[in-house]
Amino acid sequence: MLDLTESNPTRVGLAYPQAEILGALADTRALRYHPSPRGLDSAREAVAGYYGDRGTPVERGRILLTASTSEAYAYLFKLLANPGDEILAPRPSYPLFEFLAGLESVNIRQYPLRYDGVWHVDFEALEQAITPRTRGIVVVNPNNPTGSFLKRAELDVLDSLAADRGLAILSDEVFRDYGFGEEADRVSTLAGERKALTFCMSGLSKIAGLPQMKLGWIALNGPDREQAMDALELIADTYLSVSTPVQVALPRLLELSGSILNEIRERTASNLARLRQAIHGSAATLLRTEGGWYAVLQVPRTRTEEEWTLMLLDESNVLVQPGFFFDFETEAYLVLSLLPEPATFAEGVSRLLDVTAA
């Protein structure tokens, strides 16, 4: 079985600095429990350093730690919405939002991303999706799975729209460090000063390739952020879910993340280049991607996405994801992870293209 959906970085043959990671977890401070709802000062200072190293200063006081990005969403839905209220989320995008919102008795309404050679936000449709019960707008930057970054002009419109309507922006930035190439008008983070109340989310799962460490964060900016932070602290104090060992280890884990991050960058970039070369002249089309860990292929509409996916599985032992998993509005798209080992990826793509050719 050639799994072209694999998105777990710990299972794709990457070379982790194992001794150093384990050493970071051997700190004796991890044996003492001093609960801090916002997170230990040393850990939040390390997150502030992460932003500062990338040119966006964020004070420690604007950072709150969570056990994951998923938990960050749960906290923010609790903070912003009452049961029956609504959060806007992009389409296509990661399918977890509906589940997370449903657990908080919050409804997701979708706004579309459009593709005309590049991905962009349909702001007219976004405005039409806003109702009196809308409380926030989710952006995934870069988007999963389209790999599209917000552009500066789009951010200006989004920030003004959210501020005018009294809505918060929830920016999921877990893939921000995985851009392909450089573009001047890309927005890498919303952590700078904003007109609207804005929550930026990230964590070790992607930027350090360490999903098992279970540590994420929220960085706040915009108006009313102090009041929002106080409320988030109350929510976090109710759960106290972030473990002490990973908080103590965080400064060292972020130091070590550079080598892992670069290895993942090299893997995804090389697999993307391999994919571009392989599909040249084929029946499949690669949609433009700017970053992240995924690629989207458009295949002939001679079959449904479900039929394509099952045919690849049954006849070629290749596992891919159909576009409808991510709420693509039309057929026929297949989503491939760029993380698998190169030999697996190349053979899987070769078999996929043989099937589409046939």
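Me: Are helices α3 and α8 parallel or oblique to each other?

Reply: This is a predicted model: local features need pLDDT of at least 70, side-chain atom pairs count only at pLDDT 80 or more, and totals for chains, interfaces and linings use all residues. α3 (residues 69–80) packs on α8 (residues 225–239) at about 125°, with axes 10 Å apart (lines fitted to C-alpha atoms over the stretch in contact; angles run from 0 to 180 degrees between N-to-C directions). Under 35 degrees is roughly parallel, over 145 roughly antiparallel, 65 to 115 roughly perpendicular, and the rest oblique. So α3 and α8 are oblique.

Me: How many residues of the contact of α3 with α8 are charged?

Reply: Y75, L76, K78 and L79 of α3 meet A228, A231, L232, I235, A236 and Y239 of α8 (heavy atoms within 4.5 Å). Asp, Glu, Lys and Arg count as charged. Nine of the contact residues are nonpolar, none is polar, and the charged ones number one.

Me: Where does helix α9 bend?

Reply: Residues are numbered from 1 along each chain, and side-chain values use heavy atoms, without hydrogens or water. α9 covers residues 244–279, and P251 follows the bend within four residues. The bend, about 55°, is at L250.

Me: Which strands stand at the edges of the sheet?

Reply: The open sheet has eight strands in the order β2-β9-β8-β7-β6-β3-β4-β5. Two strands pair if DSSP finds at least two bridges between them. Each edge strand has a single partner, so one side is left without a neighbour: these are β2 and β5.

Me: Which residue of β9 stands opposite F199?

Reply: β8 (residues 198–203) and β9 (residues 216–221) pair in the antiparallel sense over six bridges. Opposite F199 stands L220.

Technical notes
Helices (H or I, at least four residues) and strands (E, at least two) are DSSP runs, numbered from the N terminus. The bend at a residue is the angle between axes fitted to the seven residues ending there and the seven starting there.
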